[in-house]
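Take a walk through this protein chain, one region at a time. Keep the structure in view as you read.

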Amino acid sequence: MVFPQEEKVFMVNRERAVDYLNTCERLYVIDGYAGWDTEYRIKVRVVCSRAYHALFMRNMLIRPNEEELKSYGEPDFVIFNAGSFPANRYTIGMTSTTSISVNFKRNEMVILGTQYAGEMKKGIFTVMHYLMPKTGVLSLHSSANEGPDGDVSVFFGLSGTGKTTLSADPHRFLIGDDEHCWNDKGIFNIEGGCYASTNLKVDVNAFLICNFFVEVIDLSAEKEPEIFNAIRFGSVLENVVYDTETRNVDYTDYSLTENTRCAYPIEYIPNAKIPCLGGHPKNLILLTCDAFGILPPVSRLTESQAMYHFISGYTAKIAGTEEGVTEPQATFSACFGAPFLVWHPIKYATMLAEKMKEHKANAWLVNTGWSGGVYGVGNRIPLKYSRAIIDAIHDGSLAKTEYETYPIFGLQIPKSVKGVPSNILNPSSTWTGDAALYDATLHKLANLFKENYSKYDDGSRPEIAAAGPKI
């Protein structure tokens, strides 16, 4: 839960963290940068008691060279990671022994009561979500890649939608897998590394969508060679089981959790673009995994529709992924990253629309979820069709084809896409079973969108709200 914290409470937590760190026999300090554009990057210092945390952030921040370290000076932001020591839950304003506090006035972050290294990565992303818009730079929870001709695509999507898989294209250069900014020169990656799931993909029909990770089977050199080969000296593996004598990892062992991860420097990926900078995006691809079988595999979005669906940040979780979930459930996360937002979502969406208009970027809604019916009745859209859609976006053919309007949602859907059967492009044509059930499910999902968007009425504009479903 995110909520405001009084200055006094922050200072109590800060003093507690610093006192704990002062008792440790050994501390680790990492200096790095957030942001590949030298004009906008910030200097970050991490002070922690665990080598694991230090190595994790050495991988995730941009590593200064020797000359940069000599002139590094004082940091712009400091993280005090005392995660091995609990917060005092009796302190006014505290509700548990875990606390992750960010103070924009002091430019500090304090971590107590959790040893999850990802809190540092998320904290810096939150800082960039605060600082960058103040300078006219748009911060984005997205992946990005670049084609041989310099054309840049940005991929938005919650976990399980295929953001990592579809942006990892052997014919395109990887700019970054998770956090980016869009300024007056183009796109730049915030991070110096990647934080990937080590159980990534196999048969696309085996995917199970959860809140923030994908349950699939084991990582191997055959299935994900680039990520598998990135796991080498200097990488950090989390939640995996390994042989204590040989130190070989067993990626098929899920006895701890299925959410196993690895953090590694981005240069460990062979087709990474270093430095991680690109031009202005030509295509914005909003990914969703619709388990209701209602959204088309691909739709072309207007500027207002792009704002609406960016603010909505929709995907779905399915039966069996959580206790008590017996049917598909809609999940919305504003701007595809609600936990990181500091300003109102409309602010980020407005900046996105302005940049789209200025640089003539196309926007697309791509559904990698179900076709022919809800989960349990229909089938997952095959990965090869999703890849064919992305290819058609990149080669420009999708922008030139003929379109029709999809009712209720008002989306423009193509009548043909190279490499994709035309009969699956319109969900009403592929629905199996009762037509009345299709209509009811269509209206149900539309109402869920409208109910979610009502939370942003206070800062919204009429044209954005009008771009949503019409019932």
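Contact here means heavy atoms within 4.5 Å. Leaving aside neighbours within four places in sequence, L365 is in contact with L286, T288, L295, P297, V298, S299, L301, H309 and L411. Is L365 buried or exposed? The cut-off for buried is under 20% relative accessible area. L365 has 6% relative accessibility, so L365 counts as buried. Now look at P296. It is 69 residues from L365 along the chain, and the two C-alpha atoms are separated by 8.4 Å.

Before going further, a word on confidence. This is a predicted model. The mean pLDDT of the chain is 90. Of its residues, 93% reach 70 or more. One stretch stands apart: over residues 200-217, pLDDT stays under 50. The model has 61 contacts for that stretch, counted beyond four places in sequence. Where pLDDT is low, the predicted coordinates should not be read in detail.

Turn next to the sheets. Strands of a sheet pair through backbone hydrogen bonds, either parallel or antiparallel.

Strand β3 covers residues 77-82 and strand β5 covers residues 108-112. The two pair in the parallel sense, over five bridges. Within this pair, N81 stands opposite I111 in β5.

A second open sheet has four strands, ordered β6-β10-β11-β19, with antiparallel pairing. Its edge strands are β6 (138-141) and β19 (277-278), and each pairs on one side only. Four bridges join β6 to strand β10 (residues 179-182) in the antiparallel sense. Here L138 stands opposite W182 in β10. Helix α8 (residues 345-359) packs on this sheet and touches β6 and β10. The direction of α8 makes about 105 degrees with that of β6.

Now pick out a loop residue. D151 lies between β7 (143-146) and β8 (152-156). D151 has a relative accessible area of 15%, and is buried. Which residues does D151 touch? Not counting residues up to four places away in sequence, D151 touches N145, E146, R172, K282 and H394. G279 is 128 residues from D151 in sequence, yet the two are 7.3 Å apart in space, C-alpha to C-alpha.

Helix α7 comes next, at residues 303-312. The helix is mostly covered, with eight of its 10 residues buried. Those buried residues are Q305, A306, M307, Y308, H309, F310, I311 and S312. H309 is also one of the contacts of L365. After α7 comes G313, with a positive phi near 55 degrees.

What does α7 pack against? One partner is helix α11 (residues 435-453). Two packed helices are described by the angle between their axes and the distance between the axes. For α7 and α11 the angle is about 80 degrees, and the axes are 10 Å apart. The two helices are therefore roughly perpendicular to each other. Y308, H309, I311 and S312 in α7 meet F449, K450, N452 and Y453 in α11. By class, this contact has four nonpolar, three polar and one charged residues.

Finish at a hairpin. Strands β27 (residues 403-406) and β28 (residues 411-414) run antiparallel and are joined by four bridges. E404 has I413 in β28 as its bridge partner. Four residues lie between the two strands of the hairpin. In that turn, I408 has a positive phi of about 70 degrees.

Methods: Residues are numbered from 1 along each chain as its sequence is written. This is a predicted model: local features need pLDDT of at least 70, side-chain atom pairs count only at pLDDT 80 or more; totals for chains, interfaces and linings use all residues. Side-chain values use heavy atoms; hydrogens and water are left out. Buried means under 20% relative accessible area, exposed over 50%, partly exposed in between (1.4 Å probe, protein chains only). Two strands pair if DSSP finds at least two bridges between them. Axes are lines fitted to C-alpha atoms, for helices over the stretch in contact, and angles run from 0 to 180 degrees between N-to-C directions. Angles under 35 degrees count as roughly parallel, over 145 as roughly antiparallel, 65 to 115 as roughly perpendicular and the rest as oblique. Ala, Val, Leu, Ile, Met, Phe, Trp, Tyr, Cys and Pro count as nonpolar, Asp, Glu, Lys and Arg as charged, and the others, Gly among them, as polar. pLDDT is the predictor's confidence in each residue, from 0 to 100.
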